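Open the structure in your viewer and keep the selection tool at hand. We will go from stop to stop, and at each one you select something and look.

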Amino acid sequence: GLNFIDLMVRQGNIDNPPKTPLVPGFECSGIVEALGDSVKGFEIGDRVMAFVNYNAWAEVVCTPVEFVYKIPDDMNFSEAAAFPMNFVTAYMMLFEVANLREGMSVLVHSAGGGVGQAVAQLCSTIPNVTVFGTASSFKHEAIKNSVTHLFDRNADYVQEVKRISADGVDIVLDCLCGENTGKGLSLLKPLGTYILYGSSNMVTGETKSFFSFAKSWWQVEKVNPIKLYEENKVIAGFSLLNLLFKQNRGGLIKVVMDKLLNLYNNKKIKPVVDSLWALEEVKEAMQRIHDRGNIGKLILDVEKAPTPLMANDSTETSEAGEEEEDHEGDNENKERMPFIQ
């Protein structure tokens, strides 16, 4: 799986970035080729998906058994590689941190991305949840059925939300950071929860820019605890990778994965795969995420041969709304359709 955090790793915009050389990537799917001596519950040949603390973009991956899960029979490898990061992140934020319940409202940024689509699907499993989403305008037709109210990412979404819901929303999920932090907090209802789970506004160019990095942090509204107390608001942060690899919460994540796979087996949720890429095309694939051209998840497929036409076309940002050409191969996995049929 290809995630926005991978761009931040590449540019060094994370805490304690790893030293090069390294193999990036935090999630994958594949077939078990070998087992540790004490491993139980898995056999060679099992179809699995896994979290990996780097090194996922490889032909052979090794990871502790607590981070490995069996793939349901009717889930293909591309969907499995798109499943863990997005759906566990969305589920943890909605249900473990924000306690989503019937009748609540949620604002999610980048609604067309992998996490955004997972959030929308999980919200649909709870009655009468209103989902406000922001996304680039060219994505609106494809994802309009997945959210209740959809706004252009460059529009004044604060006023748009308040026009529909004067009191604001119960939950704000912010992967952008910067000036959106203050906007998100201003939209919270009393007892509402704002969750920061990313800072994609810090990735602004092909190379790391200290000035753009500093500007993004400077725009973050300084949170006054007394103001939170007076307004009855909750502010939280969520990092799945830290939870897994630094804070030893693999057991909790396994419980969540079991719940998510049950939802998948009951056809309540389904990963949205944007497109498949050869390992040699990783530069173009990362550019597509950088330009926010994807709807759902980009997948690196170790068995896929490079497709020059695909690489050239996909680096173009479709801000004007042009439809991109379909590319040959793996058609079943790269449909550009909303998940609700």
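Start with Asp74. At 47% relative accessibility, Asp74 counts as partly exposed. Buried means under 20% relative accessible area, exposed means over 50%, and partly exposed lies in between (1.4 Å probe, protein chains only). Lys267 and Asp74 form a salt bridge, with the closest N and O atoms 4.0 Å apart. The pair links distant parts of the chain, 193 residues apart. Lys267 sits in the loop between α11 and β10 (273-277), and Asp74 in the loop between β3 (68-70) and α2 (77-82). A salt bridge here is a side-chain nitrogen of Lys or Arg within 4 Å of a carboxyl oxygen of Asp or Glu.

**Before the next stop**

This is a predicted model, in which local features need pLDDT of at least 70 and side-chain atom pairs count only at pLDDT 80 or more, while totals for chains, interfaces and linings use all residues. Residues are numbered from 1 along each chain as its sequence is written, and side-chain values use heavy atoms, with hydrogens and water left out.

Colour the chain by pLDDT, the predictor's confidence in each residue, from 0 to 100. The chain averages 84, and 83% of the residues score at least 70. Now select residues 310-341. Here pLDDT stays under 50, and the model has 60 contacts beyond four places in sequence for this stretch. Contact means heavy atoms within 4.5 Å. Where pLDDT is low, the predicted coordinates should not be read in detail.

**The whole chain**

Switch to a cartoon view. The chain has 13 helices and 11 strands. Helices (H or I, at least four residues) and strands (E, at least two) are DSSP runs, numbered from the N terminus. Of the 341 residues, 51% count as buried.

How many salt bridges does a search of the whole structure find? The search finds 9. Select Lys297 and Glu27. Their side chains meet in a salt bridge (2.4 Å, N to O). Lys297 lies in strand β11 (residues 297-300) and Glu27 in strand β1 (residues 27-31), so the pair ties together parts that are 270 residues apart in sequence. Are these two residues buried or exposed? Lys297 is buried at 3% relative accessibility. Glu27 is buried too, at 1%.

Next, select Arg288 and Asp274. Their side chains also meet in a salt bridge (2.9 Å, N to O). Arg288 belongs to helix α12 (residues 282-290) and Asp274 to strand β10, so the pair ties together parts that are 14 residues apart in sequence. Arg288 is buried, with a relative accessible area of 3%. Asp274 is buried as well, at 2%.

**The cores**

Select Phe51, Phe83, Leu122, Leu173, Ile253 and Leu260. In the largest nonpolar core, which has 63 residues, these touch the most other members. Which helix gives the most to this core? Helix α3 (residues 84-97) does, with 9 residues. A second, separate core has 17 residues, including Leu2, Leu7, Phe42 and Ala285. A nonpolar core is a set of buried Ala, Val, Leu, Ile, Met, Phe, Trp, Tyr and Cys residues joined through side-chain atoms within 4.5 Å. In soluble globular proteins, nonpolar side chains tend to be buried together.

Zoom in on Leu122. Beyond four places in sequence, Leu122 touches Phe87, Ala90, Tyr91, Leu94, Phe95, Leu260, Leu263 and Ile269.

Select helix α4 (residues 114-123). In α4, 10 of 10 residues are buried. Among them are Gly114, Gln117 and Leu122. Show what the buried residues of α4 pack against: α3, β4 (105-108), β5 (130-135), α5 (140-143), β7 (169-174) and α11 (250-265).

Move to helix α6 (residues 157-164). Its Tyr157, Val158 and Val161 are buried. They cover an arc of only 105° around the axis, which puts them on the same side of α6. The arc is that of the directions from the helix axis to the C-beta atoms. The cover over these buried residues includes β4, β5, β6 (149-152), β7 and α7 (180-187).

**Last stop**

Select His109, in the loop between β4 and α4. His109 is buried, with a relative accessible area of 1%. Beyond four places in sequence, its contacts include Thr134, Tyr157, Leu173, Asp174 and Tyr197.
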